[in-house]
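Visitor: I'd like a quick tour of the charged pairs here. Can you walk me through them?

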Amino acid sequence: MSTRIAFLKGHGTENDFVIVPDPDNAIELSPAAVTALCDRRAGIGGDGVLHVVRSAAHPEARGMAGEAEWFMDYRNSDGSIAEMCGNGVRVFARYLQHAGHAAEGDLTIATRGGVKSVHIAKDGDVTVGMGSARLPEGDVTVRVGERDWPARNVNMGNPHAVAFVADLAHAGNLYTPPPVSPESAYPEGVNVEFVVDRGPRHVAMRVHERGSGETRSCGTGACAVAVAAARRDGADPAVTGTPATYTVDLPGGRLVITERPDGQIEMTGPAVIVAEGEIDPEWLENALR
């Protein structure tokens, strides 16, 4: 790899990403390269890589090119490919605006999870359409030490167990997955949210993301928490006919979640570009040895 590769660094509620602009899909991002870039000590550091490609130039996105010019080829920090990342879409949209590819207002972004509707507001916040939630039936219990709580099973395309607690400290250190029963409810593991009330339709949360431990922010987790809170509060939009909006405080910042009567959920929050530069090809070649 003889040419230098441009990159940017951005975050959404401290969920941070290495952004690699590559309109023509000319850069091969191997899992090892992604892992090296995301290394917080030896690389740039990030929770993942946002590979920015024109939809028409990527084999997985060509079918969406008529709806969305740009494709978010998202990679987890371990190099694996992911369908979607709510915080990542907001940062992706901010990059498109930063680079002059998008302006304030509405746009669409292609992802492996489908085409996402995005709105860039004048105040800088970005709103992403997150789809709808499913609420599987059955009782679920979350346990930490000697305490246990009933939890709401919410699926946002990935599984969540939402427990309302008296104090966020009761969640413990969240280094290891909190036990959830019955195990059959989540055969592939689960993200566990611990939630306290801060005021009317205002909650705070901590989350254990499966495979990662406690994270600073989880967009689908915040959506799951808002859905669970609305059902607990008797504010199910499908029943009331009125949108339900909840403010959700996470360790990394604040998100605003709105669920509409048709079940569609929107997530609004900040997205920041913090730096840009070039990746040294010699460093990358050495990192891949």
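**Salt bridges**

Visitor: How many salt bridges does a search of the whole structure find?
Guide: Here a salt bridge is a side-chain nitrogen of Lys or Arg within 4 Å of a carboxyl oxygen of Asp or Glu. This is a predicted model, where local features need pLDDT of at least 70, side-chain atom pairs count only at pLDDT 80 or more, and totals for chains, interfaces and linings use all residues. Residues are numbered from 1 along each chain as its sequence is written, and side-chain values use heavy atoms, leaving out hydrogens and water. Searching the whole structure gives a salt bridge count of 18.

Visitor: Which helix holds the arginine 232 that pairs with aspartate 197?
Guide: The two side chains meet in a salt bridge at 2.8 Å, N to O. Aspartate 197 sits in strand β12 (residues 191-199), and the partners are 35 residues apart, linking distant parts of the chain. Helices (H or I, at least four residues) and strands (E, at least two) are DSSP runs, numbered from the N terminus. Arginine 232 belongs to helix α3 (residues 219-232).

Visitor: Is aspartate 249 buried or exposed?
Guide: Its side chain meets that of arginine 254 in a salt bridge (2.6 Å, N to O). Buried means under 20% relative accessible area, exposed over 50%, and partly exposed in between (1.4 Å probe, protein chains only). Arginine 254, at 46%, is partly exposed. Aspartate 249 has 18% relative accessibility, so it counts as buried.

Visitor: What is the N to O distance between aspartate 47 and arginine 40?
Guide: Aspartate 47 is partly exposed, with a relative accessible area of 29%. Its side chain and that of arginine 40 form a salt bridge, and the N to O distance is 2.9 Å.
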